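Here's a quick briefing to read alongside the structure.

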Amino acid sequence: MSSPVGSREIAGFERDGAVLLRGAIDDEWQEILRRAAARELERPEAFFRRRLLWRSDPDFARFCRFSPAPRMAAALLRARKINLFMDQLFAKAPGAASRTGWHNDLPYWPLRGWQVATIWVALDPITVDNGALEVVRGSHAWNRRYQPFEPDFGGSAATAKAAAGETYDPLPDIEAERGRYDIAAWDMRPGDALAFHALTLHGAAGNTTAGQWRRAYAVRYAGDDVRYHEPATNEWLYNPALKPGDPLDSDLYPVVYAPGSAP
Ligand SMILES: O=C(O)CCC(=O)C(=O)O
């Protein structure tokens, strides 16, 4: 299969902060992810707690390391080296009202740098009705670190939590003023991937369908210019092996792509 990331996709990613990669993940990898997701979804856990799965599930780990995803991240970020930062499974059951509030990711994470992106893989057909991910086109280029909130996925952006000593930009009420923003969303087929920059504003509605799950597996990758930073809102991502300013290479953030990696 030809690479889903060429110069057009790189230009789109750099301009818009997000690009859809059609057919990026083949049937075999999708099957591995779907089976791993089914195992995970047997456990009764909150929506946003399904995270760092690769650390305990060898199938998620294989995907994060050996699927085309790290190579796609390297190409989009123009990175020579890629570290796996973390993964999450986002599952919205039919009828789940769980809205993903508008946010950008980087202010939550113990990272500083530009080369950070998510590869968000559709495991089901996804449309606006079951919670397609929406992005504010070009918002990564505003270079804003928006105030994090405690996600409850009920649509509330209430409990703001700032890491000690950090300052953030106030988060605009995008949902209330949608017309003021250039909002993009894509219908996705299983195996399509949406790649987006960690400063791109994004959110998603709940799943209003009667019978169509919306499962997506998100893997976050970081490139050469990224350094570890504390404090951060998501303390569960702290890495005791690193000091602020360190490059990420470590057991918890392994190098998954480097010059000479197999094409
Ligand atoms: O899938 C969702 O609803 C949330 C995705 C998200 O916020 C992310 O991947 O950063």
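A residue is called buried when its relative accessible area is under 20%, exposed when that value is over 50%, and partly exposed in between. With that cut-off, aspartate 59 counts as buried because its relative accessibility is 14%. Keep in mind that this is a predicted model.

**Two residues to start with**

- Aspartate 59 sits in helix H3, which spans residues 58–66.
- Setting aside residues up to four places away in sequence, aspartate 59 touches Ile32, Ala36 and Arg39.
- Asparagine 143 is found in the loop between strand S6 (133–136) and strand S7 (183–185).
- Is asparagine 143 buried or exposed? It counts as exposed, because its relative accessibility is 52%.
- Beyond its neighbours within four places in sequence, asparagine 143 is in contact with Trp114 and Leu199.
- Asparagine 143 and tryptophan 114 are 29 residues apart in sequence, and their C-alpha atoms are 9.4 Å apart in space.

**Around the ligand**

- There are 13 residues around the ligand, and Thr100, His103, His202, Arg214 and Arg220 come nearest.
- Sorted by class, the shell has 6 nonpolar, 3 polar and 4 charged residues.
- Strand S2 (82–92), strand S3 (100–103) and strand S10 (214–222) each supply at least two residues of that shell, and the largest share, 3 residues, comes from S10.
- Threonine 100 has a polar side-chain atom 2.6 Å from an oxygen atom of the ligand.
- For histidine 202, a polar side-chain atom lies 2.9 Å from a ligand oxygen atom, and for tryptophan 120 the corresponding distance is 3.2 Å.
- How much of the ligand's accessible area does the protein cover? The answer is 98% of the 290 Å² that the ligand has on its own.

**Salt bridges**

- Side chains of opposite charge can pair when their charged atoms come close.
- In this model the count comes to 19 salt bridges.
- Glutamate 14 pairs with arginine 78, with the closest N and O atoms 2.6 Å apart. This pair links distant parts of the chain, 64 residues apart: glutamate 14 is in helix H1 (residues 7–16), and arginine 78 is in the loop between helix H4 (69–77) and S2.
- Glutamate 14 counts as partly exposed because its relative accessibility is 38%, whereas arginine 78 is exposed, with a relative accessible area of 55%.
- Aspartate 249 and lysine 81 meet through their side chains in a salt bridge at 2.5 Å, N to O. Here too distant parts of the chain are linked, 168 residues apart, with aspartate 249 in the loop between strand S11 (227–228) and strand S12 (255–257) and lysine 81 in the loop between H4 and S2.
- Aspartate 249 is partly exposed at 40% relative accessible area, while lysine 81 counts as buried at 18%.
- Arginine 112 forms a salt bridge with glutamate 166, and their closest N and O atoms are 2.9 Å apart. Arginine 112 lies in strand S4 (residues 111–112) and glutamate 166 in the loop between S6 and S7, so the pair ties together parts that are 54 residues apart in sequence.
- Arginine 112 is partly exposed, with a relative accessible area of 30%, and glutamate 166 is buried, with 16%.
- Which residues do salt bridges with shared partners join into one network? They are Arg39, Asp57, Asp59 and Arg62.

Conventions. Residues numbered from 1 in each chain as written. Predicted model: local features only at pLDDT ≥ 70, side-chain atom pairs only at ≥ 80, totals over all residues. Heavy atoms only, no water. Near = heavy atom within 4 Å. Polar contact = N/O pair within 3.5 Å; in protein donor to acceptor, adjacent residues only side chain to side chain. Areas by Shrake-Rupley, 256 points an atom, 1.4 Å probe, with all protein chains shown as cover. Helix = DSSP H or I, 4+ residues; strand = E, 2+ residues; numbered from the N terminus. Nonpolar A, V, L, I, M, F, W, Y, C, P; charged D, E, K, R; others polar. Buried < 20%, exposed > 50% of the residue type's maximum accessible area, 1.4 Å probe, protein only. Contact = heavy atoms within 4.5 Å. Salt bridge = Lys/Arg side-chain N within 4 Å of Asp/Glu carboxyl O.
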